[in-house]
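Let's take a walk through this structure together, stopping at its open spaces, its ring pairs and a few backbone details. Please keep the 3D view at hand as you read.

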Amino acid sequence: MPRTHSTRTDVVVIGAGLAGLTAARELVAAGRSVAVLEARDRVGGRLLNHDLGDGQVTEIGGQFVGPTQDHILALAKEVGVATYEAAVPGERVYVRDGRARRFAGHTPPDLLALPDMGIALARIGQAAGKVPPAAPWRAPNARDLDGMTYETWLRKAELTGDAVDLINIFLNSAYGGEARDASALFSLWYVSTFGDELHPGTMERGTGTSGGAQDSRFVGGSQLVATRLAEELEGRVHLLAPVRRISQDADGVTVVSDAGDWRADRVIVAVPPLLASRIVWDPLLPPQQDQLFQRLPFGTLMKCVAVYDTPFWRAEGLSGMGLLRGGSPIREMFDNSPPDGGPGVLMGFLGGKEWRKWAHRPAGERRGAVLRSFAQVVGERAYDTVDYVEQDWTAEQWTQGGPTSVAAPGVLTEYGEWLGRAFGRVHWAGSEFSPYWNGFMDGAVRSGRHTATELLHQS
């Protein structure tokens, strides 16, 4: 049927994740009228709480925050969401080829791998320090770095497979992939974003628990921050409103969604780049920008959560954290219990090559394999679950992967300068557009604020 009516507003924001909600909040504070269109039946994007009952939750999406992530921490405080220390006292467990060893501190007890791991971290730190967070394609030797995978770059230093495998444990959860999936330039840029304007990014900050990116969690779950933002916007957020078409002309922009049409002066698109490329554009996106967005797919990641009556592992002196090698589907796991420790929750990341191996298998078989991984770390009681939940982010229609976009060789140097470039009256927001904490909650909030400021200056 022909569409004859459009709702008028100053700005349409597409996407009710942290970036879109933050941008909308800034614009409303500046006196602009705003409509936020969200395809899902909820807000939060890649933030998602799982209800444990009795008012308790655990996260099955993004969850950790830490030092130099001041934007998300300040925003959470403003909307009344507190943080608590994520790390649990106790020893960690390192599993290699089925053999489990307990250890204290941050260094896994692998005498064969550690020397090369030290060399790798020093080399990564030196190289990442030369990559500009705001423009990685301008780094020295950018084309050389972008012409090879991260694994190739690591192996050029004659590192053993042990060191590469340890790095892959981090990459498994950090971008749902392996060192062979991304360019060396992208991966070093990713490390360079683990900081802020005063603190250069470091691998240690990005991978660390206490004092690092996994330092803290939110009381009530990370999605609560998004929920509070949406409540502040008082009816401006429209759910079940996937956007199908964006048309620009000399007088404004028309946004066509399943919940109706909107007419606006400006639009902020705050959805993943690949999904943005699938909107029908009139006129078409600049071909360079469209090519870039199509080349920024998400990694592959599933979060696997087991719930218990109590966190029994704590009484045995274990923190619930484990690092696993040698074919385990879960390569990194954490105690993901609520702040008061009840019920007990273990969470493991199933990503990268392990996702490709296990995601298509029967759910019961996969559950058994995950619980076997947990049992290697905390013992046989890992099988005594009261609930088991999987969140496969590749199966989410409006995400299609996680936790962040990953660039293969050649993408950043050929198309990177188009990443955040405004397209007429259309502006971009999202953690993938941030020069700091790219792919993290802080990056999303930074980007939302930056884009709102950019729009206000131009309108």
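Helices here are DSSP runs of H or I with at least four residues, strands are E runs of at least two, and both are numbered from the N terminus. Before going further, note that this is a predicted model, in which local features need pLDDT of at least 70 and side-chain atom pairs count only at pLDDT 80 or more, while totals for chains, interfaces and linings use all residues. Residues are numbered from 1 along each chain as its sequence is written, and side-chain values use heavy atoms, with hydrogens and water left out.

Back to that second largest pocket: its volume is about 420 Å³. Of its 19 lining residues, Gly420, Phe433, Ser434, Pro435 and His450 are the closest to the centre. Sorted by class, the lining holds 10 nonpolar, 6 polar and 3 charged residues. In this sorting, Ala, Val, Leu, Ile, Met, Phe, Trp, Tyr, Cys and Pro are nonpolar, Asp, Glu, Lys and Arg are charged, and the others, Gly among them, are polar. A pocket is an open set of points on a 1 Å grid over the protein atoms alone, with protein on both sides within 12 Å along at least five of seven lines; a cavity is a set where a 1.4 Å probe fits but cannot get out, and lining residues have an atom within 4 Å of a point. Grid points are joined across faces, edges and corners, and a volume is the space filled by probe spheres set on the points.

Now turn to the aromatic rings. Rings of Phe, Tyr and Trp (its six-membered ring) pair if their centres lie within 6.5 Å, and planes under 30 degrees apart count as stacked, over 60 as edge-to-face and the rest as tilted. The count by this rule is 20 aromatic pairs. Take Phe170 and Phe194: their ring centres are 6.3 Å apart and their planes meet at 85°, so this pair is edge-to-face. Phe170 belongs to helix H6 (residues 161-174) and Phe194 to the loop between helix H7 (184-192) and helix H8 (203-207), so the pair ties together parts that are 24 residues apart in sequence. Both Phe170 and Phe194 are buried, a word that means under 20% relative accessible area, with exposed meaning over 50% and partly exposed in between (1.4 Å probe, protein chains only).

A second pair is Phe186 with Trp189, whose ring centres are 5.9 Å apart with planes at 70°, so it is edge-to-face. These two residues both lie in helix H7, 3 residues apart, about one turn of the helix, and Phe186 and Trp189 are both buried. Ring pairs join Phe170, Tyr175, Phe186, Trp189, Tyr190, Phe194, Trp437 and Phe440 into a cluster.

Some of these names return in the cavities. How many cavities of 30 Å³ or more does the structure hold? There are 2. The largest cavity has about 70 Å³ of space, and Phe186 and Trp189 are among its lining residues, together with Leu296, Glu432 and others. The second largest cavity has about 40 Å³, and its lining includes Phe170, Tyr175 and Tyr190. Helix H7 supplies the largest share of that lining, 3 residues. By class, the lining of the second largest cavity has 7 nonpolar, 1 polar and no charged residues.

Let's finish along the backbone. The peptide bond from Asp282 to Pro283 is cis, with omega near 0°, and Pro283 sits in the loop between strand E13 (280-282) and helix H11 (287-294). The bond from Gly402 to Pro403 is also a cis peptide bond, with omega near 0°. Glu234 is not a glycine, yet its phi is positive, at about 50°. Glu234 lies in the loop between helix H9 (223-232) and strand E9 (237-238) and is exposed, with a relative accessible area of 65%. Leu240 likewise has a positive phi of about 50° without being a glycine, and is exposed at 56% relative accessible area.
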